[in-house]
Amino acid sequence: MENPVDKRYWTSLEDLAATTDASARESDVRLVLESLPTVDRRSILKLLGLSLAAGALAGCRKPVEKIIPYVTQPSELTPGVANWYATTCHGCSAACGALAKVMDGRPIRLEGNPDHLMSRGGLCATGQGAIISLYDAHRQKAPAAGGTEATWESVDREIAQRLAIARSRSGRDKVVVLTGTVTGPASQAVIRDFLATFPRAEHVVYDPVSYDALREAHRQVYGQPLIPGYRFDKAEVIISFGADFLGTWLSPVEFTKQYAAGRDPGPHPSSANQGAGMSQHFQLESRLSLTGSNADYRYAIAPSEQAAYLAGLVVRVAKGLGQASPLARAMAAMDLPLGAEAEKPLARTADALLKAPGRSLVVADSNDVTVQLLALALNDLLGNVGRTVDLGRPSLQKQGRAADVARLVEEMGRGEVAVLLIHGCNPAYTYPDAGAFLAALKKVPCSISFAISPDETTAATHYHCPAHHPMESWGDAEPQAGRFSLFQPTIRPLYRTRAFEDSLLKWSGRNVTFYDYLKQHWQAKIFPRQEKVTDFATFWDQMLQRGFLEVSLPAPTVSPLKPALMAAAVQHSGRPGGSRGAGLEAEVFESLALRDGSAANNPWLQEVPDPITKITWDNCAAIAPALAREKGIEEGQWLEIVVSGGSLKIPAHIQPGQHPRTVSVALGYGRTQAGPVGNGVGVNAYPLLSAPAASLRGGAGWQTARAVEGINPVAGPAYAFARTQIHSSMEGRPIVQETTYEAYRQGHARETHHEDEEHANLWQRHEYPEYKWGMVIDLNKCTGCSACVTACDLENNVPVVGRNEVRRQREMHWLRIDRYFTGDADAPEVVHQPLPCQQCDNASCETVCPVLATVHDDQGLNVQVYNRCVGTRYCANNCAYKCRRFNFFNNISNDLTRNLALNPDVTVRSRGVMEKCSFCIQRIQAAKIQARREGRKVSDGEVQTACQQSCPADAIVFGNLVDRRSAVARQSVSPRSYRVLEELNRQPSVYYLAKIRNRDKKEG
């Protein structure tokens, strides 16, 4: 077993290259410091004196708090006691089930609904942060006409006149509703009813990141354009070609929950109860994605190589299964332009697939129909269809067709569209040729935007009729066939807005509210599809309480795959590998937090570090170390990426694990009308999306990868990224520990086995008569998705500090996720490690605080008393884990609307104090109060910290270590369990379970 002292872990390329010179790893910090203006001694003393005086004056004033009592208190509301409402997450089209926490009439938090059949209690970082958009002061507060605020009466009158003309022109004028994917059946019905009142009308669906090829491949083979349901929990072998299914692909919370269930290595051989086994994950991709960082085997391939690799797999699998089908013969006859470097990954993946027929899963993210046809064929050859690939309950997300949008732009340009209604999308920003869209939009006589906030599209429309925020409105969703959920309002509308559906109903001449329409639709269309409840009133009440419903579906009507048809389809779509060349390629992808960029004005999401690069507040051009050496590119150097028809100027980030012939850029940045937070942050990469007109007509959508004609370094100063992990190093210590699955089954639970030693102890032993709160974090389940970071921020009122302060290493996250590389820079392995305050028994921070601001309580918590803290920062200097954050600034916002999102159970700290994780002590106290009322102790699992509750992978367990029957106590003594820096005798209360890689022992 390899010793971690010999196995080198590193956090950045500078760290990998450094020897004993710590400053060599601080290039980004040095770059920031060099960019700061020089100040002489006299100026420093002046500023210091002014700061002290200002601080003294500020300290003399107590913040003004106003309390306005209820005149008539609602019967269902008790001040200070939360109400919970079942609803649906609106962060993306996955529509995960959620619970909204409402305090004193205002929602302050979204949490996953543990009963929901898809998300099962998890929620991603985007979903956690979505509630901030409700309290965004940049929201449109009233309807507008021609950029001027108006009344609903005047806007309705003018739009009704325009629509009346369109109805009376005998089909010469077209009315188009352009939306993102609408998964709500009632909302879809409203749109259909509205369009039915016009002689010529159409609903066009537009998704900025297209899944056209996946749907088209199934149409060609099965006759239905669908996206299957995927069951990662039933797959023993997972092969992913670029699909970041743990990050942003389709339904990441659902897939993470399934994936984590299959990554449990089972009991140790010392246990008599043996598990079913651990899945094996292969990732073939160009950029190092979140999903790729969790793979057992990862291979860097260019996007243009996906088809050739898949065709090679089809040939090997068919041969291994003894099948001589027309498909296998067609693949074998094709020229597969792969070099010798492809032999090892193809042989290894094919061997793994042949060992698990019917228990494997192949997915791909390419928007190339050929790639999707080959992935489909491989799943069929292995017998995965109907098991891990569910055609009977397909996904209803990503219904957009790029060809329809391209045709719409042409029709707009020809003056054929009289009225265009835009909802749930922002094509003036996300459309690859935004200039062409805006030029065509000018030729539309009446254009209407329903955006919640002003954006690039609303700036160019005639009318802005702002819709309610999803937390202010009624609605429904069906993200998977037969799985329904509801939106219900958790607060009265903050502004003069109106639901999109209510606007359509009014303009249709229907004298009904959308709430009534929704209820009638469910009674007529959905209620009859279930059999458990016979009374609709009871059914409706249950739906409001549970938030979701699953109905049974008939067996799928798709026909079985025909090998000859598949072979013909592949040959018709294009020869695998035909587009592969030796040149450079650019790839764009959705960022983990911002996705398509609609949440760019959310500062909490902007400050979530990218799990791989650890960059906040920016996107970058990720390039491989080999390409950087070849081109002489340095970190932060501005690059000009030249593609056919244009170029993009963006700073470079040298990313370990990147394919040497590719450059990757995140979407969602470079907004110009996002709001004061998101404007001018990063670079807009949507122009890198491309597709020839023939490809669009053939069913493929906008391609996320394209050929690059040149990458040219731009002269000038380098750009300083705001990165949150350029300073941490393991220094040869066993901070993260791992082993292989084979070694684990042979009895080796982790790399090192710490022997308990007798230490000379300067601390008095603590006694815990009832409670000692502790946490166990399973590194084998943690994917690094950062949902816990955002959940902690919002639960504990952790402020954002902005790009410049992150550059100075002043970020305030109470919980950070450290990312460690190991191995070669060109093909590294990755380990993610969440690190909250360790709540040490022998806490070194407590012994150095001169004012007893940090003390130990009788529950095992290291408590921070904010009104004692005078900001010496001795505790931070003495903390071995560097888990404390000093509040340099007064981050209490003057934005009264945004302050409505603050959690009233947690103190809002003024500047000059140390902040840290408290194990969500407010939740602990609430559970203790409830248990005391009922005359009992707190039950196991009754308290969930914010990070634990949000984790889609169930990687965090929290509870009472004194109760030896609790889940946390049982896992703390697992053979995989260890504590970080245990040799320092700090006695932390956070335990980690070592990471297991399902690979050959000799490769561990």
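**Close-up views of a predicted protein model**

**View 1. The buried residues of helix α12 are P345, L346, T349, A350, A352 and L353.** Buried here means under 20% relative accessible area, while exposed means over 50% and partly exposed lies in between, as computed with a 1.4 Å probe on protein chains only. The model is predicted, so local features need pLDDT of at least 70 and side-chain atom pairs count only at pLDDT 80 or more, whereas totals for chains, interfaces and linings use all residues. Residues are numbered from 1 along each chain as its sequence is written, and side-chain values use heavy atoms, with hydrogens and water left out. Seen down the axis of α12, the buried residues fall within an arc of 160 degrees and so line one face of the helix, the arc being that of the directions from the helix axis to the C-beta atoms. An α-helix has 3.6 residues a turn, so residues three or four places apart point the same way. Helix α12 (residues 343–354) has twelve residues and reaches 16 Å from its first C-alpha to its last, close to the 16 Å expected at 1.5 Å a residue; the expected span is 1.5 Å times one less than the number of residues. Helices (H or I, at least four residues) and strands (E, at least two) are DSSP runs, numbered from the N terminus. The elements against which the buried residues of α12 pack are β10 (237–241), β11 (280–285), β12 (297–300), α10 (306–320), β13 (360–364) and α13 (369–381), where contact means heavy atoms within 4.5 Å.

**View 2. An open sheet of three strands has the order β2-β3-β4, with antiparallel pairing.** Two strands pair if DSSP finds at least two bridges between them. At the edges stand β2 (83–88) and β4 (106–112), each with a single partner strand, so one side of each is left without a neighbour in the sheet. On average, neighbouring strands of this sheet are turned by 30 degrees against each other, direction ignored; the axes are lines fitted to C-alpha atoms, for helices over the stretch in contact, and angles run from 0 to 180 degrees between N-to-C directions. Strand β3 (residues 97–103) runs antiparallel to β2 and is joined to β2 by six bridges, with T88 standing opposite G97 in β3.

**View 3. An open sheet of seven strands, with mixed pairing, has the order β27-β21-β26-β23-β25-β24-β28.** Its edges are held by β27 (705–708) and β28 (710–713), each with a single partner strand, so one side of each is left without a neighbour in the sheet. Neighbouring strands are turned here by 35 degrees against each other on average, direction ignored. Within this sheet, strand β24 (residues 638–643) and strand β25 (residues 646–654) run antiparallel and are joined by six bridges, and V642 stands opposite S647 in β25.

**View 4. Strand β38 (residues 956–960) pairs with strand β31 (residues 773–778) in the antiparallel sense, over five bridges.** Five of the five residues of β38 are buried, so this strand is largely enclosed by the rest of the structure. Along the pairing, I777 stands opposite I956 in β38.

**View 5. F919 and L981 each have a positive phi of about 55 degrees although neither is a glycine.** Most residues other than glycine have a negative phi, and most peptide bonds are trans. F919 lies in the loop between β37 (914–915) and α29 (921–933) and, at 1% relative accessibility, counts as buried. L981 lies in the loop between β39 (977–978) and β40 (990–993) and is buried, with a relative accessible area of 5%.

**View 6. P493 is found in the loop between β19 (483–487) and α17 (500–507).** This proline is partly exposed, with a relative accessible area of 37%. Not counting residues up to four places away in sequence, P493 touches H468 and E472. The C-alpha atoms of P493 and A467, which are 26 residues apart along the chain, are separated by 9.9 Å.

**View 7. C446 is a buried cysteine, at 0% relative accessibility.** The closest cysteine sulfur to that of C446 is in C465 and stands 8.7 Å away, too far for a bond. A disulfide is counted as a pair of cysteine sulfur atoms within 2.5 Å, and by this rule the count comes to zero disulfides. C620 is buried, with a relative accessible area of 9%.
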